[in-house]
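Me: I would like to learn how to read a structure of several chains, one feature at a time. Could you take me through the one shown here, giving the general idea before each case?

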Amino acid sequence: MSEMIFLAWVRGMGLNIAIGIFLLGTIWRLIEIYTLGRKQDVAAPRHRSGASGWHTMFRRSLPIPGIMQRSPVSYIGGYIFHIGLAIVVFLFAPHIKLIQSLVGLSWPGLPSQLIDAATVVTLAAMLVMLFDRINKPVKRFLSTFEDYFTWALTFLPVLTGYMAVKHLALPYATMLAIHILSVELLLIVLPFSKLFHAITVFGSRWYNGDINGRRGVPV
Amino acid sequence: MSLKNIAIKLETSDSYSIGNVTALLSEIAAHLKKLIASGEASLIDLKSLPFAPGEYEQLRQALDHGEVTAQIDAIGLSEIIETRYPGVWWLTHYNVEGDIVADIIEIAIIPSILQSQPEDVRAGLDMLQAVISQPIQQND
Amino acid sequence: MADHDTLAQRLIQQGISRRAFLKFCTAMASLMALPPGSAQAIAAALAQAKRPSVIWLSFQECTGCTESLTRSHSPTVESLIFDMISLDYHHTLQAASGFAAEKARDDAMKEFYGKYLLLVDGSIPTKDGGIYSTIAGMTNLDMLKDAAKGAAAIISVGTCAAFGGIPKANPNPTGAVAVSDIIKDKPIVNISGCPPIPAVITGVLAHYLTFGALPELDNLNRPKVFYGETIHDRCYRRPFYDQGKFAKTFDDEGARNGWCLFELGCKGPTTHNACATTKWNGGAGFPIEAGHGCLGCSEPDFWDAGSFYTALSMPATPLTFATGAAAVGVAAGVGVSLANSAKKRAAKAAHQPVTLNDLE
């Protein structure tokens, strides 16, 4: 199989399968989570929840007191790599072109030099986070296979994308195909792992904030 | 319907640039410094550069003509121009059909191709001596 | 039969001066994409160089590669064919025909056994014993095997000979393959492209003639000096890609401003060739300069690798599974929800209030 055929497969059938499984899993899990429901709250609300849910969505992005002293690496590193990922994934022109071809939405991208910089920072932050996870006994104890697996699945697309653009190690077409393949693996695993937080994060924050508001502790 | 109805945009040679000209001028300046410091000549092959449309002409304009223009007639013409910057020569070699076969900027005191080659000098001397050794013809 | 003395001797016989010879070497350096200062080294090498015998075989092809070569500008194709190489067999270009032509091939193969350069354009059909393309009653398959035996090296000219090309396109009715799929024991250079750039064909020949060896090759056996970089990396429109300025259609403002053609399906990023610098038609331009994206014609399987007009980052084929998968996702979600609520109901039904008696 030549690299062009490999590339055509990952852009065609491979992408088809990955997006199919991603949609299947995401819809399944969203319906399941929504219909799971909660026990009926028979108590009268202490408070009208108001915008508490919306506030929580925002407030949970702020550092909780003391965390900067206790785990600065996780906190700052986590912030950097999440923002870096968002920049690289959503503001690189070829990615926007892909999203446009899938859902029809498009927006201006960033110059590739800025994307390069964001990629390097993201990769560095993720490596530091991994080192910290292994280095700190408590974190290491708490880490499971899934943590390392999802780290690798997130790290690989960024790394292979960077290597493809910079022509490192392999010919561009092969590296591009590996990059797309790594994203496809990520898409397939995402709905069935902790990576699903990419979709549920703000919904669950809203829910928690809202219910806390009803119980009398609006934030 | 005439040509005026069609939106034709005329491109002038200076309408388009991706920075090749600036980069080349800097490279030439660096080579000139080397020439002054050590007498070492340098060559730039213009056919290996990704010129945008019009940039070649922009480079021509930027380097312009200087005092010397020379022609060589050897398996096609060659045109050698000293640009307005002394020591910077633009060499264009054509084949017998008039196609450009090499397009080079040479940074040198004098382009090597202009100098007589020792082999040719020897051959020329042989020819000259053959002429001298022949009896003089009375033509007039 | 042409004589095979050195090129320098022939030039001296023709009364060509040393200066003219140096000019020729400068043109050769430019042609071979070598540093311009290497003209002296080329002159020294050429003084020793013999004119190699060349046999050119054309198989399942469109003659586009020969057309490309005969439009080679530098040096003129006449000087290339008549001064630099001894082209002993080329069934399109040679004057002889029929038995005389085939005899010329046989003679050259015998006389220069082990020394001649074999050029091939076109792919080789292998299905049904290779009967889909024959010359003088001989299948291409047999002729290639026969001619390859005594060749010093083989140069596959064009994507068909190099990688199978259009004849190999799905469903490949003739079982077409590349030269390298059949010949395994000879050095092979692939000069891919549909057609290849004429200056690249002559450049590789000039390299072989000058240095008596093949140039350095990449992983697909293409000469690195010409195929070492992608079209995208050497494209004059590359700055627009980096700035995020793209033509969205072939006639919008971006297209008129000469912006990057990536979104219109340009395969420049995955294509290795010298078009962006060597250019075509005596330097007049190349496809992207004319406003059309690169098709990737110098890459294997470019003919089966998705639409020419789909951006590399876009799906190559429609996402046919998506709607089905979404429906399955809904069904699975609803199914699991029903199961969950049934479980909850069952748990509720089975719930026994704890009494004091139970605790005792």
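Me: To begin with burial, what percentage of the 140 residues in chain B do buried residues make up?

Reply: Please keep in mind throughout that this is a predicted model. Burial is read from how many other C-beta atoms surround a residue, with 20 or more within 10 Å counting as buried. In chain B, with its 140 residues, buried residues make up 26%, whereas in chain A, with 219 residues, 33% count as buried.

Me: How many helices and strands are there in chain B, and in what pattern do they follow one another along the sequence?

Reply: A count gives the content of a chain, and the order along the sequence then gives its layout. Chain B has three helices and five strands, and reading along its sequence gives the pattern α-β-α-β-β-β-β-α. Chain A, by contrast, has ten helices and zero strands, and from the N terminus on its elements run α-α-α-α-α-α-α-α-α-α. The C-alpha atoms of chain A fill a box of roughly 65 × 40 × 35 Å along the principal axes.

Me: Which residues make the contact between α2 and α10 of chain A?

Reply: Let us take the geometry before the residues. The axes of helix α2 (residues 52–59) and helix α10 (residues 197–214) of chain A come within 7 Å and cross at roughly 130 degrees, which makes α2(A) oblique to α10(A). The crossing of these two helices is right-handed. From α2(A) come S52(A), G53(A), W54(A), H55(A), T56(A) and M57(A), while α10(A) brings F202(A), R205(A), W206(A), Y207(A), N208(A), G209(A), D210(A), N212(A) and G213(A). By class, the contact of α2(A) with α10(A) has five nonpolar, eight polar and two charged residues.

Me: Turning to the chains as partners, which pair has the most contacts?

Reply: One asks which chains touch, then which elements supply each side. Of the two pairs of chains that touch, chains A and C have the most contacts; chain A and chain B are joined by no contact, their closest C-alpha atoms lying 16 Å apart. The contact between chains A and C takes 39 residues from chain A and 36 residues from chain C. α1(A) gives the most to the side of chain A that touches chain C, with 23 residues, and by class that side has 24 nonpolar, twelve polar and three charged residues.

Me: How many residues of chain C are in contact with chain B?

Reply: In that pair, 29 residues of chain C are in contact with 29 residues of chain B. The largest share of the side of chain C, nine residues, comes from α2(C), and by class this side has twelve nonpolar, eleven polar and six charged residues.

Me: Lastly, which residues touch the most other members of the largest nonpolar core?

Reply: The largest core has 121 residues, of which I55(C), L118(C), V120(C) and L144(C) touch the most other members. Leaving aside neighbours within four places in sequence, L118(C) is in contact with I55(C), L57(C), A147(C), A148(C), A151(C) and I154(C). Apart from this core lies another, of 35 residues, among them W9(A), A173(A), V183(A) and V189(A).

Methods. Residues numbered from 1 in each chain as written. Chains lettered and ligands numbered in written order. Predicted model: local features only at pLDDT ≥ 70, side-chain atom pairs only at ≥ 80, totals over all residues. Contact = placed C-beta atoms within 7 Å. Helix = DSSP H or I, 4+ residues; strand = E, 2+ residues; numbered from the N terminus. Nonpolar A, V, L, I, M, F, W, Y, C, P; charged D, E, K, R; others polar. Buried ≥ 20, exposed ≤ 12 C-beta atoms within 10 Å, placed from the backbone. Core = buried A, V, L, I, M, F, W, Y, C linked by C-beta atoms within 7 Å. Axes fitted to C-alpha atoms, helices over the stretch in contact; angles between N-to-C directions. Parallel < 35°, antiparallel > 145°, perpendicular 65-115°, else oblique. Left-handed = near helix turned anticlockwise from the far one by under 90°.
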